[in-house]
Protein chains: 2
Amino acid sequence: MRIAIDAMGGDHAPKSTVEGALAAAREWSDVQIVLVGRKEALEPLMAGAPSNLSIQHAEEVIEAEDEPVKAVRRKKDASMVVAGRMVREGQADAMISAGNTGALMTTGLLVVGRLEGIERPALAPMIPTLDGRGVLALDLGANMDAKPEHLAQYALMGSIYRQKVHGMEKPRVGLLNVGTEAKKGNELTKAAYPLLEETPIAFVGNVEARDILTGACDVLVCDGFAGNILLKTLEGTAGAMFSLLKQEFTKSLKNKLAAAMLMPSLKGLKQTLDYKEHGGAPLLGLSGLVVKGHGSSDGDAIKNAVRQARTALQSRLTESIAEEIGKRMVQS
Amino acid sequence: MRIAIDAMGGDHAPKSTVEGALAAAREWSDVQIVLVGRKEALEPLMAGAPSNLSIQHAEEVIEAEDEPVKAVRRKKDASMVVAGRMVREGQADAMISAGNTGALMTTGLLVVGRLEGIERPALAPMIPTLDGRGVLALDLGANMDAKPEHLAQYALMGSIYRQKVHGMEKPRVGLLNVGTEAKKGNELTKAAYPLLEETPIAFVGNVEARDILTGACDVLVCDGFAGNILLKTLEGTAGAMFSLLKQEFTKSLKNKLAAAMLMPSLKGLKQTLDYKEHGGAPLLGLSGLVVKGHGSSDGDAIKNAVRQARTALQSRLTESIAEEIGKRMVQS
């Protein structure tokens with residue numbers, strides 16, 4: 001299998017992407033890794049690279065501040081766009097990028113292309129939970145507005161992802177809502193509920209935002225707007241609490257001493273709740289595999305994204321999604 | 001001024017409501033307080049009550065598990081409904097209830113009635129912020145779906161509330177959104193943005209969910225669905241973090257000792273983030289003042305809700321809202 005990495009994408013690229021690619025190529029000899037980007041920038045970092053790691057030169061780079069659609073349309077030779085084109089043309093089975101999120105979603109949609117029958121591809125990061133299982137949440141920002149049928153497709157794709165990539169037998173799928181009763185919600189969730197009941201998934205009904213972290217479900221479906229509010233509130237609250245704790249714990253010598261004793265525990269807690277630690281986010285519903293790494297990805301994160309892509313390819317994730325969506329189209 | 005208290009509403013009623021009413025009546029002699037509920041239950045608790053505290057008998061009680069609309073329609077002699085009727089008929093200037101939230105919103109809509117020109121009354125609790133100013137968020141659950149014009153009305157009402165009740169000169173109004181740029185968002189927020197720019201408020205633009213706790217604005221407008229996701233995620237994340245902290249801090253004797261030293265700080269932190277501590281939530285846009293106390297309100301919380309209602313009445317909150325909405329209707 002061949003995995004293309006956008007070598008220029010991410011806050012620490014290309015150092016992080018080359019490091020991650022090197023480590024992954026050494027660990028998995030069944031994977032051909034192609035680093036896509038400026039040869040001059042990459043070659044000096046690649047001393048001792050194994051034979052399953054190569055470079056595909058791409059002259060341009062999409063920057064974090066570039067306007068996504070414009071950038072993807074105009075910079076046809078950007079590393080991200082070239083990697084996307086490799087997936088579409090079958091020169092790569094998957095692509096990974098830690099670059100501009102909007103541009104990557106645009107690349108997915110316009111360059112890689114949608115699976116037949118999928119109206120909206122969805123971005124599906126893992127949100128950490130206290131029980132360590134995590135919850136795959138989608139859509140987290142690819143499409144701000146959703147129709148009920150989109151939520152049913154998200155549910156199906158997320159469910160297949162957790163089966164194939166995480167080996168879960170019957171992932172529990174929940175609908176993000178304001179109450180657990182079936183009739184609760186806004187127009188969208190009220191209309192989506194009966195559709196989800198008919199979808200071949202383990203639907204556990206509505207899930208309230210306050211129960212996400214305690215692991216109420218394995219897959220959470222929502223429109224991109226609500227998903228963003230959920231994720232950003234989680235991030236903001238955890239961040240605010242850590243800064244309050246820090247403030248309190250350095251207030252007096254007594255507090256400083258006590259806090260020093262607890263530091264390892266606090267660090268562990270911070271990691272548990274840091275969604276950046278939980279791997280790359282797949283963009284589901286495309287005709288090839290696209291994985292989005294966090295902007296701040298280091299070498300380890302890139303290597304983990306390769307692991308994730310490898311598992312997804314081995315388990316034939318994209319083909320399984322295509323098949324299920326195909327059945328759904330025949331039925332309706 | 002006369003304030004009616006639904007004496008039977010709330011987890012600790014009627015003990016909490018009577019205690020709060022007694023304390024409030026003693027502190028503010030300019031307020032006539034009427035406890036609405038079962039005379040037999042209230043009288044034994046009211047020994048030594050001052051002359052500005054009285055009882056209005058109401059035979060029935062709306063329970064927490066009652067279906068809101070049905071309960072308000074059928075239990076015409078319930079304490080909550082009677083209190084609402086007193087406001088509509090001018091026998092009281094305001095009502096307070098810590099009972100069934102849905103039923104209170106229904107009472108507001110069907111019994112007290114909307115202000116002319118208001119399409120959707122909004123529930124507006126305070127969300128705590130790290131700087132202690134808090135943010136008044138609306139709508140937090142009265143209406144799941146909203147139209148752009150509703151958000152503009154929320155902005156106007158919330159802004160007037162913070163001016164009148166909290167004495168803020170120019171409350172900064174933010175629109176809950178997925179990014180700060182003007183063009184970000186879903187269909188609702190994109191359409192609401194230009195309307196908010198034209199509204200006579202201090203509009204500071206879009207505010208991301210992660211910046212709420214650090215005090216990005218004084219009034220936050222959103223539809224009830226997104227608002228619920230925000231509040232419940234905040235609550236869930238803070239709760240999960242405290243339970244993780246507790247788990248870590250009791251793991252070893254060393255941790256236990258250190259945690260004991262930090263306990264006062266941790267308690268303070270918990271209070272800072274507990275939105276239940278931040279007073280009652282007004283239901284804005286009604287023809288009379290309605291304040292919702294938290295279900296777990298104790299006597300102090302009820303007394304604080306009376307303080308809040310008193311300030312709102314003194315500052316002529318409802319009249320000011322009616323006036324501004326009236327101007328808006330003339331313009332459009």
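1. Chain A falls into two domains: domain 1 covers 1-118 + 285-316, and domain 2 covers 119-275. These bounds come from an automatic or database domain assignment. The centres of the two domains, taken over C-alpha atoms, are 26 Å apart.

2. This is a predicted model, in which local features need pLDDT of at least 70, side-chain atom pairs count only at pLDDT 80 or more, and totals for chains, interfaces and linings use all residues; side-chain values use heavy atoms, without hydrogens and water. Residues are numbered from 1 along each chain as its sequence is written, with chains lettered from A and ligands numbered from 1 in the order in which they are written.

3. On confidence, chain A has a mean pLDDT of 93, with 98% of its residues at 70 or more; pLDDT is the predictor's confidence in each residue, from 0 to 100. The model scores are ipTM 0.90 and pTM 0.92.

4. At the domain interface of chain A, 14 residues of domain 1 are in contact with 12 residues of domain 2 (heavy atoms within 4.5 Å). About 1,000 Å² is buried between the two domains, and carbon and sulfur atoms give 69% of that area. Buried area is the accessible area (1.4 Å probe) that two parts lose on being put together, summed over both. On the domain 1 side, A:Met105, A:Ile118 and A:Ser315 lose the most area, together 43% of what that side buries.

5. Polar links across this interface: three residue pairs are in polar contact, both residues at pLDDT 80 or more. A polar contact is a pair of N or O atoms within 3.5 Å; within protein, one must be able to donate a hydrogen and the other to accept it, and residues adjacent in sequence count only if both atoms are side-chain atoms. Zero salt bridges are found (a side-chain nitrogen of Lys or Arg within 4 Å of a carboxyl oxygen of Asp or Glu).
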